[in-house]
Amino acid sequence: MADQEQTLYSQRFRGFFPVVIDVETAGFNKDTDALLEIAVTTLKIDDEGVFSLDQTLHFHIAPFEGANIEQSAIEFNGIDPFSPLRGAIAEDDAIKDICKMVRKAQKAAGCSRSVIVAHNAAFDHGFLNAAITRNNIKRTPFHPFVSFDTTSLAGLALGQTVLAKACRAAGIEFDNSQAHSALYDTERTAELFCYIVNRWQALGGWPLPAVEQIDNDPAEQPKKS
């Protein structure tokens, strides 16, 4: 089972290991605004190539020193950044724990690099990258710029781009009262991503024929100067 799982996983996304994330923040500027909450979910694959949710990590995060907090942002997500009831931990501790968990899962899946999956991925990916840089974390499993955006995937597969509407179109329950919690949104996004990938396979879109020819496409080879 382990060897088969690794083979299927590494072939499905060209050696990439998808990791679903969601962040809640104190604004839109990744460099100045506080990261307040983050959740990550890894995925597993069965012998038939069907994906499902695996492990999830979730952290409330204390604002980094000097972080900006926009009042409109915390009114929107309902987070009190300084409430002791949050159980918030230091940003660097959260990111290190996430990287450790993801590296282990990535290796077990036989993949070479982890890729962020998120709804409006540029936003979440940007805040994660900023936290990694800010805390001088060197051993990160994440690709610095490649991501899978479920907004685009859901628009193609379901005709919906809003997370709640896309989930409902896919038959996934979505409770608006729990939205804008990093944990809740990450797990719904992960379910949505799995639905789209699995549906594509069920419709005959995967596996592709002659994958070796695609991987060895001369157009992808470096040109001689």
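User: What does the secondary structure of the protein come to?

Analyst: In this predicted model, the secondary structure comes to 8 helices and 5 strands. From the N terminus on, the elements run α-β-β-β-α-α-β-α-β-α-α-α-α.

User: What share of the residues in the protein is buried, and what makes a residue count as buried?

Analyst: A residue is called buried if its relative accessible area is under 20%. Buried residues make up 44% of the 225 residues in the protein.

User: Why is N198 called buried?

Analyst: The cut-off for buried is under 20% relative accessible area. N198 has a relative accessibility of 18%, so N198 counts as buried. N198 is found in helix 7.

User: Which residues is N198 in contact with, leaving aside its neighbours within four places in sequence?

Analyst: N198 is in contact with G49, V50 and F51. A polar atom of the N198 side chain lies 2.8 Å from the backbone nitrogen of F51. The limit for a polar contact is 3.5 Å between N or O atoms.

User: Why is N68 called partly exposed?

Analyst: Partly exposed covers what lies between buried, under 20%, and exposed, over 50%. The relative accessible area of N68 is 29%, so N68 is partly exposed. N68 lies in the loop between strand 3 and helix 2.

User: What makes the pair of N68 and E70 a polar contact?

Analyst: A polar contact needs N or O atoms within 3.5 Å, one able to donate a hydrogen and the other to accept it. The side chains of N68 and E70 are joined by such a contact, at 2.9 Å.

User: Where is D33 relative to N68, in sequence and in space?

Analyst: The two are 35 residues apart in sequence, and their C-alpha atoms are 4.5 Å apart in space. Not counting residues up to four places away in sequence, N68 touches A26, T32, D33 and A34.

User: How do you know that the length of helix 3 agrees with its number of residues?

Analyst: The expected span is 1.5 Å times one less than the number of residues. For the 18 residues of helix 3 this gives 26 Å, and the end C-alpha atoms are 26 Å apart, so the two agree. Just after helix 3, G110 takes a positive phi of about 75°.

User: Which residues of helix 3 are buried, and what covers them?

Analyst: The buried residues of helix 3 are E91, A94, I95, I98, C99, M101, V102, A105 and Q106. What covers them includes strand 1, strand 2, strand 3, strand 4, helix 4 and strand 5.

User: How do you know that the span of helix 4 agrees with its residues?

Analyst: Helix 4 has 14 residues, which should span 20 Å at 1.5 Å a residue; the end C-alpha atoms are 20 Å apart, so the span agrees. Helix 4 is followed by N136, whose phi is positive, near 55°.

User: What do the buried residues of helix 4 pack against?

Analyst: They pack against strand 1, strand 2, helix 3, strand 4 and strand 5. Among these buried residues are H125, F127 and L128.

User: How many residues line the largest pocket, and of what classes?

Analyst: About 510 Å³ of space lies in the largest pocket. Of its 23 lining residues, the closest to the centre are V23, E24, F76, F123 and H180. By class, the lining has 10 nonpolar, 8 polar and 5 charged residues. Strand 1, helix 2, helix 4, helix 6 and helix 7 each supply at least two residues of that lining.

Terms used
Residues are numbered from 1 along each chain as its sequence is written. This is a predicted model: local features need pLDDT of at least 70, side-chain atom pairs count only at pLDDT 80 or more; totals for chains, interfaces and linings use all residues. Side-chain values use heavy atoms; hydrogens and water are left out. Helices (H or I, at least four residues) and strands (E, at least two) are DSSP runs, numbered from the N terminus. Buried means under 20% relative accessible area, exposed over 50%, partly exposed in between (1.4 Å probe, protein chains only). Contact means heavy atoms within 4.5 Å. On a 1 Å grid over the protein atoms alone, a cavity is a set of points where a 1.4 Å probe fits but cannot get out, and a pocket is an open set with protein on both sides within 12 Å along at least five of seven lines; lining residues have an atom within 4 Å of a point. Grid points are joined across faces, edges and corners, and a volume is the space filled by probe spheres set on the points. Ala, Val, Leu, Ile, Met, Phe, Trp, Tyr, Cys and Pro count as nonpolar, Asp, Glu, Lys and Arg as charged, and the others, Gly among them, as polar.
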